[in-house]
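Open the model in your viewer and keep the selection tool at hand. The tour moves from one selection to the next.

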Amino acid sequence: MKYLVIGFMLALGLSSSSCYYDNAEDLYPELAVCVTDSMSYTEDILPILDFHCLSCHSTAANQGGVIMEGYAAVKSYVDNEAFLKSIQHQSGISPMPKNQDKLDDCTIKKVAAWIEQGALDN
Ligand code: HEC
């Protein structure tokens, strides 16, 4: 009986994995490769800001007097290193996003890579 159940589960597992294609990144996030080359402000950084920061740092919200809406505003926090240091939770700066979980490693790496690549408005 035990073997029947295991066999059944195996068959189920095999058939479901062979019948359709799934994005490996969605299925196994821990195995996914973090792509950080050719980072783009519009494609890579803006979505991060939109999702994690702008609720508090839009021009309207202006929390802590920090505005990160628009490239020029964001660039000023690149230049004084506060953007990266705050999301890396370095000492001497408020950890961001405030009162929320630290961003995942890949997201932080993407920001670091974009800055490394010149923090272009691309
Ligand atoms: C829930 C609101 C909230 C969110 C979300 C948030 N912040 Fe902040 N942020 C603040 C507040 C409030 C301050 C003022 C300092 C403090 O109170 O810790 C601040 C300060 C900062 C500062 C200045 C830190 C310093 O010590 O000089 C930076 C840079 C910053 N935030 C970046 C970000 C980034 C980048 C994100 C997104 C990853 C983010 N914040 C998300 C509320 C938020």
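Start with the aromatic rings. This is a predicted model, and a search of the whole structure finds two aromatic pairs. Select Y41 and Y71. Their ring centres lie 5.3 Å apart with the planes at 80°, so this pair counts as edge-to-face; the cut-off for that class is over 60 degrees. Now colour by helix. Y41 belongs to α3 (residues 41-52) and Y71 to α5 (residues 71-79). The two residues are 30 apart, and their pair links distant parts of the chain.

Stay on Y41. Is Y41 buried or exposed? Its relative accessible area is 5%, so Y41 is buried. Ring pairs join Y41, Y71 and W114 into a cluster.

Next, go to the ligand. The space it takes is the largest pocket. Show the residues around the ligand: there are 21, and C53, C56, H57, S94 and M96 come nearest. Colour this shell by class. Twelve residues are nonpolar, eight are polar and one is charged.

Which helices supply at least two residues each to the shell? Select α4 (54-57) and α6 (82-87). α6 gives the most, with four residues.

Pick H57: a polar atom of its side chain sits 2.7 Å from a ligand nitrogen. Move to S94, where a polar side-chain atom is 2.8 Å from an oxygen atom of the ligand. Then select K98. An N or O atom in the K98 side chain lies 2.8 Å from a ligand oxygen.

Key. Residues numbered from 1 in each chain as written. Predicted model: local features only at pLDDT ≥ 70, side-chain atom pairs only at ≥ 80, totals over all residues. Heavy atoms only, no water. Near = heavy atom within 4 Å. Polar contact = N/O pair within 3.5 Å; in protein donor to acceptor, adjacent residues only side chain to side chain. 1 Å grid on protein atoms, 1.4 Å probe; cavity = no way out; pocket = protein on both sides within 12 Å on 5 of 7 lines; lining within 4 Å. Sits in = over half its atoms within 2 Å of the grid points. Nonpolar A, V, L, I, M, F, W, Y, C, P; charged D, E, K, R; others polar. Phe/Tyr/Trp six-rings, centres within 6.5 Å; stacked < 30°, edge-to-face > 60°. Buried < 20%, exposed > 50% of the residue type's maximum accessible area, 1.4 Å probe, protein only.
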